[in-house]
Amino acid sequence: QVLAGKIEAQKRLLVQSEIKLLQAQINPHFLFNALNTLAAIIRRDPEEARRIVQYLSTFFRKSLKRVSTEATLKDEIEHVDAYLRIELARFAGRMDVDICIPDELLGMHLPAFTLQPIVENAVKYGLSQLIEPGRIAIRAERQDDRLTIVVEDSAGLYKPLPKNDGMGMGLVDRRIKIRYGEAFGIAVLCEPERWTRVFISLPAEEECEAGAC
C-alpha cells in the first residue's frame, strides 16, 4: 500500500510536470503576432481591437491559470475558440473556422490542454503555410463509451514526427495513453495538399453532477 501510494504520488507529479511543459510551449510568437495584429487595427476598428484584447485575456487565463489537470470539452473549446478568434483577425479573411460540437458532449471530461496544441499545430504548420485561404474544422461525436474529437485543416501538410516526440501532439498522445490505456490516443490521416485530420480518442466520461461523485 505504501508503494502504491508512492507510485500514485509520482504519477501526479508527472502529470503536473507535463501540464507545466505544455504551458511553457505556448509560442511567444503567438503573443507577438497578436500584439502586432492589435496594433494594426486599433485605430481602424477600436471595437474589434477591444474584442481581441478580451480573447487574448481568455486565452492566457485558460493557458496559464489552470489549477486542475482535468477539463471539460466546453473548457477546451473555449480555450481554442479564443485562440482561433485572434488568428482569424491576424489572417484577415484568409482563414475559416467551423466548430461543431453537440451540446450534450460539452460536459465530457478530458485531460486539460488536449485540444490547444493540436489546433495550434493545424494553424502553425498547416494553414499559415498556404497562399490561398484555408479552413480549420473541429467536431466531436460519441459512439457508445468512446468520445472522438476531430481537428481538420485544409492544408494537408502533415509530416509525422518520431514516435517518442515529447512536444505538442506527441505529449498529448502520451498523456492520454498513460491515463486511459493504449486503446486511446491520437491518430492522424493526411491527404497531401488537401487535408489533415487528427483524431483524438478518449473514453466518454461525463461531468459529475454536484454531489453525485
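The largest nonpolar core has 41 residues, and Leu 73, Ile 138, Ile 149 and Ile 200 have the most contacts inside it. Helix α4 gives the most to this core, with eight residues. This is a predicted model: local features need pLDDT of at least 70, side-chain atom pairs count only at pLDDT 80 or more, and totals for chains, interfaces and linings use all residues. Residues are numbered from 1 along each chain as its sequence is written, and side-chain values use heavy atoms, with hydrogens and water left out.

**Core and burial**
- A nonpolar core is a set of buried Ala, Val, Leu, Ile, Met, Phe, Trp, Tyr and Cys residues joined through side-chain atoms within 4.5 Å.
- Buried means under 20% relative accessible area, exposed over 50%, and partly exposed in between (1.4 Å probe, protein chains only).
- Contact means heavy atoms within 4.5 Å.
- Leaving aside neighbours within four places in sequence, Ile 138 is in contact with residues including Ile 77, Val 80, Leu 84, Ile 101 and Ile 149.

**Thr 114**
- Thr 114 is found in the loop between β3 (108-111) and α5 (116-124); helices (H or I, at least four residues) and strands (E, at least two) are DSSP runs, numbered from the N terminus.
- Thr 114 is buried, with a relative accessible area of 0%.
- The side chain of Thr 114 reaches the backbone oxygen of Pro 111 at 2.5 Å.
- Not counting residues up to four places away in sequence, Thr 114 touches Glu 76, Val 172, Ile 176 and Ile 200.

**Aromatic pairs**
- Rings of Phe, Tyr and Trp (its six-membered ring) pair if their centres lie within 6.5 Å; planes under 30 degrees apart count as stacked, over 60 as edge-to-face and the rest as tilted.
- By this rule there are five aromatic pairs.
- Phe 30 and Tyr 83 form a tilted pair, 4.9 Å centre to centre with 40° between the planes.
- Phe 30 sits in helix α2 (residues 28-41) and Tyr 83 in helix α4 (residues 73-91), 53 residues apart.
- Phe 30 and Tyr 83 are both buried.

**Salt bridges**
- The structure holds 13 salt bridges, each a side-chain nitrogen of Lys or Arg within 4 Å of a carboxyl oxygen of Asp or Glu.
- Lys 62 and Glu 78 meet at 2.9 Å, N to O.
- Lys 62 lies in helix α3 and Glu 78 in helix α4, so the pair ties together parts 16 residues apart in sequence.
- Lys 62 counts as buried at 12% relative accessibility, whereas Glu 78 is partly exposed at 30%.
- Glu 47, Glu 48, Arg 50 and Arg 51 are linked in a network of salt bridges.

Terms used
A polar contact is a pair of N or O atoms within 3.5 Å; within protein, one must be able to donate a hydrogen and the other to accept it, and residues adjacent in sequence count only if both atoms are side-chain atoms.
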